[in-house]
Amino acid sequence: MLDSIEEIERRFADHAYITDRTLATTVFLAASLKKPVFLEGEPGVGKTSLAKVMARVLETDLIRLQCYEGLDSHSALYEWNYLRQMLEIRVQEARGLDKEKIGRNIFSDEFLLKRPLLQAIQHHSGPSPELLIDEIDRSYEEFEAFLLEILSDFQITIPEIGTLRATHIPFVVLTSNRTRELHDALKRRCLYHWIDYPTLEKERMIVSANVPGIQDRLASQVCRFMELMREKEFYKRPGVAETLDWAQALLALGIEELEPEIVSRTLGCILKYKSDQEKLGAEELQKTIAITRNFKPGPLVGDRQAAL
Amino acid sequence: MLRPSPPPSRPLLSHLIRFSRALRDAGVKVNPAGTVELCRSFNFIDIGDRLCFYAAARATMISRCEDLPGFDRVFHEFWISGVEAAPAAGRPDTEQRDEPRNAPADTESATRSEEKRYADAGDDDAGGERVHAPEPVSYSDHALLVQKDIGRMSASELEQAREVVHELVKVLANYRSRRLTAGRRRDLIDFRRVFRRNTPYGGLPLRLCFRKHREKKTRLVLLCDVSGSMERYSRFLIQFICALRQVLPQVDIGVFSTRLTMVTDLLDEPNVDASLQRVLAGVGDWGSGTDIGGSLGEFNRQFARHIVRNRTLVVILSDGWDRGDADV
């Protein structure tokens with residue numbers, strides 16, 4: 001089990017996820033207080049990755065519920081396998097079973113389609129699982145209310161079976177891209193953390209950890225370039241995922257230093273919208289690259305914590 | 001294993017409560033049960049570690065990213081510089097000086113160091129009251145923008161306004177009906193229809209029918225005033241309408257100045273500027289005088305029959321300056 005905040009930081013770093021003290025404390029408290037973690041942030045900053053790495057750190061299963069508009073309890077909780085039930089009745093009739101005995105077993109476990117939330121509650125094998133509820137801002141408000149009920153008690157009532165209670169409370173992570181504001185009731189139930197774009201040093205560490213073999217000089221230039229890009233007005237600002245994609249692409253191409261031609265050819269790794277690519281004109285690209293090449297990075301030290 | 005912890009000492013608890021009040025005074029939306037959760041978290045962290053304490057407070061007490069700057073500021077002022085509000089004359093100072101002496105013996109050492117700091121601050125206060133009223137730091141961006149005159153907005157505010165419009169438009173556009181209708185996607189099986197449809201097969205469900213929630217879209221008619229007095233706002237209004245069209249296809253738009261022109265087809269361009277050009281080209285009387293009554297009358301006569309239905313919403317965007325006949 002996780003004993004301390006430092007251990008969390010260490011174990012996450014082992015899996016190439018660089019945390020900071022605040023995030024590690026939040027995760028530690030969530031595991032200790034048995035409360036869900038609510039991660040908010042721009043797309044591509046590492047919210048879903050945190051959940052995945054956490055599952056590896058806790059050495060447990062990750063049960064993922066991907067939210068979308070129109071998600072309802074049938075897709076999230078459970079559904080009866082109507083077809084199998086009907087076939088079972090037909091088969092029993094064909095076999096000539098007594099009239100009273102037909103259909104007795106159709107509301108049993110084998111006809112129940114367990115969706116992620118029920119899977120999380122009914123997880124019996126091994127340590128308590130991790131439940132990731134991804135992009136909850138894409139679901140409807142009614143679903144939030146429904147989720148709140150589940151998260152409060154970790155028990156559900158299936159009319160035909162009864163009440164099912166969780167044997168172990170799972171570790172729950174909720175993520176949101178902030179496309180809409182979530183209800184207070186749900187946020188209050190959780191520990192909140194806003195994941196921002198990383199600082200330059202942090203991003204360098206992330207790139208070094210996730211793109212093995214990359215030269216420090218190129219990594220620094222890439223990070224500085226991304227930092228400058230994020231200051232500009234784009235429809236979709238590039239996140240850490242884009243930085244890593246780009247770094248891997250440059251490594252694969254054997255690039256050692258940023259050149260305007262290389263950057264414009266690989267711009268698709270960073271900017272995924274044509275209008276954004278057009279907005280970054282050739283002149284501005286040259287200027288930005290010139291700044292990154294003049295950039296002299298300091299030595300890579302441990303994570304400098306915010307001076308409080 | 002968890003070590004059973006003593007309840008937080010009274011001085012620390014009262015500081016926490018005062019901290020939460022300071023946050024509220026500063027306009028930060030504080031989680032009501034946050035203080036309790038923070039106390040619970042003391043079982044697991046070392047509150048002498050400033051960063052840990054900050055992280056725990058941040059995770060339990062706030063739940064919106066807009067509150068982060070305000071929270072940081074109040075946290076810094078409250079716990080680090082040691083300046084805090086003196087709510088009533090005299091009493092808090094004496095409280096602070098007396099209570100550390102009565103502190104229970106089994107308090108954690110970390111708490112004692114906090115108490116000592118506040119006891120010292122209290123002693124310093126003996127001379128007079130230091131009144132410190134934190135100003136509201138965080139404000140609702142939306143609320144400010146709503147009140148601001150569009151014509152006087154800067155470029156960045158216009159950008160923010162555009163985002164607000166996008167959000168509003170999404171909310172306006174759809175409402176999900178609770179009624180269920182026949183659907184082809186695999187949502188819910190419609191058993192009634194399944195049985196009926198499969199009677200030729202002796203009840204065996206060979207053909208399945210589904211139901212899904214019906215999504216009803218509001219029908220909207222927008223009539224925009226583009227006369228001279230509304231010149232500054234016209235561009236923004238067209239952008240608003242274009243955003244609306246992306247989410248709500250069934251919207252009819254008309255512009256009027258001295259007369260009415262329906263411009264629904266002209267706004268089919270994905271690019272806002274191109275749309276604006278087409279509308280300007282197509283409308284003859286842009287920026288001229290206003291005749292609201294006449295234009296609306298024309299709408300009623302010519303177009304209403306085809307466009308306006310039972311659940312249609314007609315919205316008139318105008319500033320009301322009219323040169324025409326008021327009785328029309």
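Two strands pair if DSSP finds at least two bridges between them, and strands themselves are DSSP runs of E, at least two residues long, numbered from the N terminus, with helices being runs of H or I of at least four residues. This is a predicted model, where local features need pLDDT of at least 70, side-chain atom pairs count only at pLDDT 80 or more, and totals for chains, interfaces and linings use all residues. Residues are numbered from 1 along each chain as written, chains are lettered from A in the order written, and side-chain values use heavy atoms, leaving out hydrogens and water.

**View 1. Strand β9(A) beside β1(A).** W194(A) in β9(A) is the bridge partner of E40(A). Strand β1 (residues 37–41) of chain A runs parallel to β9(A), with five bridges pairing them.

**View 2. The two faces of β9(A).** Five of the five residues in this strand (191–195) are buried, meaning under 20% relative accessible area (1.4 Å probe, protein chains only). L191(A), H193(A) and I195(A) point one way, while Y192(A) and W194(A) point the other.

**View 3. Where chain B meets chain A.** Here 37 residues of chain B and 31 of chain A are in contact (heavy atoms within 4.5 Å). About 3,200 Å² is buried between the chains, 66% of it from carbon and sulfur atoms; that's the accessible area (1.4 Å probe) lost on being put together, summed over both. On the chain B side, F44(B), L51(B) and S63(B) lose the most area to chain A.

**View 4. A salt bridge between the chains.** E181(A) and R64(B) join their side chains in a salt bridge (4.0 Å, N to O). The term covers a side-chain nitrogen of Lys or Arg within 4 Å of a carboxyl oxygen of Asp or Glu, and the count between chain B and chain A is five.

Methods
Buried means under 20% relative accessible area, exposed over 50%, partly exposed in between (1.4 Å probe, protein chains only). Buried area is the accessible area (1.4 Å probe) that two parts lose on being put together, summed over both.
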